[in-house]
Amino acid sequence: MKPKRVVLGVAGGIAAFKSATIASRLAQAGHSISVVLSENATRFVGAATFTALCGNPPVIDGFDSRYPLGPHIELANGCDLCIIAPATARILASCALGLADDLLSTLYLNLDCPVLFAPAMSTPMWNAPAVQRNVAQLVSDGHHIVGPAEGWLSCRRTGVGRMAEPDVILSACQEWLN
Ligand SMILES: Cc1cc2nc3c(=O)[nH]c(=O)nc-3n(C[C@H](O)[C@H](O)[C@H](O)COP(=O)(O)O)c2cc1C
């Protein structure tokens, strides 16, 4: 199996801690991973976790000077697969509308590879017509949605909105990773 270049976008939802498992599994399988954390994701998970798991620091700043052309360009070049997990209501909206209002949504517009979103949010947010419209737009744009699952939510309720488990997300990626 040829190692792939994977961008793992992590947005600011409570499920962000599970994305460390996704990063770890991809690293163990020998893939090269670039993690992009939204500013709000850093409130839930630390850069040090992804640095250690992936062997390189995550990118948070769209003006990161390690990327003279901009990380939104350099990380998109040669990318084989992009996984956005958790995908917050905010990043789904930004991508569906092509807003390019932060690093991840700007990078998204530069991608020429499969993009898989793993939405995670409360049940009312997931059921909101605006969120459903944005998800339908992303599917119609040719992207892939995994989950959300039903189960325990951090708002102390049970319902639909829980991020799909890391193994489910990775299984959904197998055809592109192999
Ligand atoms: C404790 C806490 C948990 C949150 N969990 C979620 C979530 O699971 N899904 C979601 O869409 N937003 C969630 N939010 C709201 C987002 O953090 C907020 O919409 C933020 O603007 C998302 O930014 P980002 O998409 O740039 O990371 C949560 C906020 C807090 C304070």
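Let's start with Ala23: setting aside residues within four places of it in sequence, Ala23 contacts Leu8, Ile33, Val35, Phe50, Leu53 and Cys54. Please keep in mind that we are looking at a predicted model.

Ala23 also turns up when we look at the largest nonpolar core, which has 54 residues. Ala23, Ile83, Ile84 and Ala118 are the ones with the most contacts inside that core. Which element gives the core its largest share? That is strand S3, residues 81-87, with six residues. In general, nonpolar side chains in soluble globular proteins tend to be buried together.

So let me stay with S3 for a moment. Is S3 mostly covered or mostly open? Mostly covered: seven of its seven residues are buried. On one hand, S3 pairs with strand S1, residues 5-10, in the parallel sense over four bridges, and there Leu8 stands opposite Ile83. You'll remember Leu8 as one of the contacts of Ala23. On the other hand, S3 is joined to S4 by four bridges, again running parallel, with Cys82 opposite Val115 of S4.

Now zoom out to the whole sheet. Five strands make up an open sheet with parallel pairing, and the order is S2-S1-S3-S4-S5. The edges are taken by strand S2 (32-37) and strand S5 (144-145); each has a single partner strand, so one side of each is left without a neighbour in the sheet.

Two valines in this sheet are worth a look. Val7 sits in strand S1, and Val36 sits in strand S2. Val7 counts as buried because it has 25 C-beta neighbours inside 10 Å, where 20 or more is the cut-off. Val36 counts as buried too, because 25 C-beta neighbours lie inside 10 Å of Val36. Leaving out neighbours up to four places away in sequence, Val7 is in contact with Ser34, Val36, Leu75, Cys79, Cys82 and Leu107. With the same exclusion, Val36 touches Val7, Gly9, Pro58, Val59, Leu75, Leu103, Leu104 and Leu107.

If you like distances to check in your viewer, here are two. Val7 and Asn40 are 33 residues apart along the chain, and their C-alpha atoms are separated by 18 Å. Val36 and Ile14 are 22 residues apart in sequence and 16 Å apart in space, C-alpha to C-alpha.

H5 covers residues 103-110, and its buried residues are Leu103, Leu104, Ser105, Leu107 and Tyr108. What do these buried residues pack against? They pack against S1, S2, helix H3 (71-74), H4 and S4.

Next, helix H8, residues 166-177. Here Pro166, Ile169, Leu170 and Cys173 are buried. They span an arc of only 90 degrees around the axis, and that puts them on the same side of H8. Which exposed residues sit on the face turned away from that buried side? Asp167, Gln174 and Glu175 do. As for the covering, the buried residues of H8 have helix H1 (16-28), S3 and strand S4 (115-119) among the elements over them.

Last stop: a hairpin. Strand S6 (residues 149-153) and strand S7 (residues 157-162) run antiparallel and are joined by five bridges. Leu153 stands opposite Arg157 in S7. Three residues lie between the two strands of the hairpin, and in the turn Arg156 has a positive phi of about 70 degrees.

If you keep one picture, take the open parallel sheet in the order S2-S1-S3-S4-S5, with all seven residues of S3 buried. Thanks, everyone, and I'm happy to take questions.

Methods: Residues numbered from 1 in each chain as written. Predicted model: local features only at pLDDT ≥ 70, side-chain atom pairs only at ≥ 80, totals over all residues. Core = buried A, V, L, I, M, F, W, Y, C linked by C-beta atoms within 7 Å. Buried ≥ 20, exposed ≤ 12 C-beta atoms within 10 Å, placed from the backbone. Contact = placed C-beta atoms within 7 Å. Arc of directions from axis to C-beta. Pairing = 2+ DSSP bridges.
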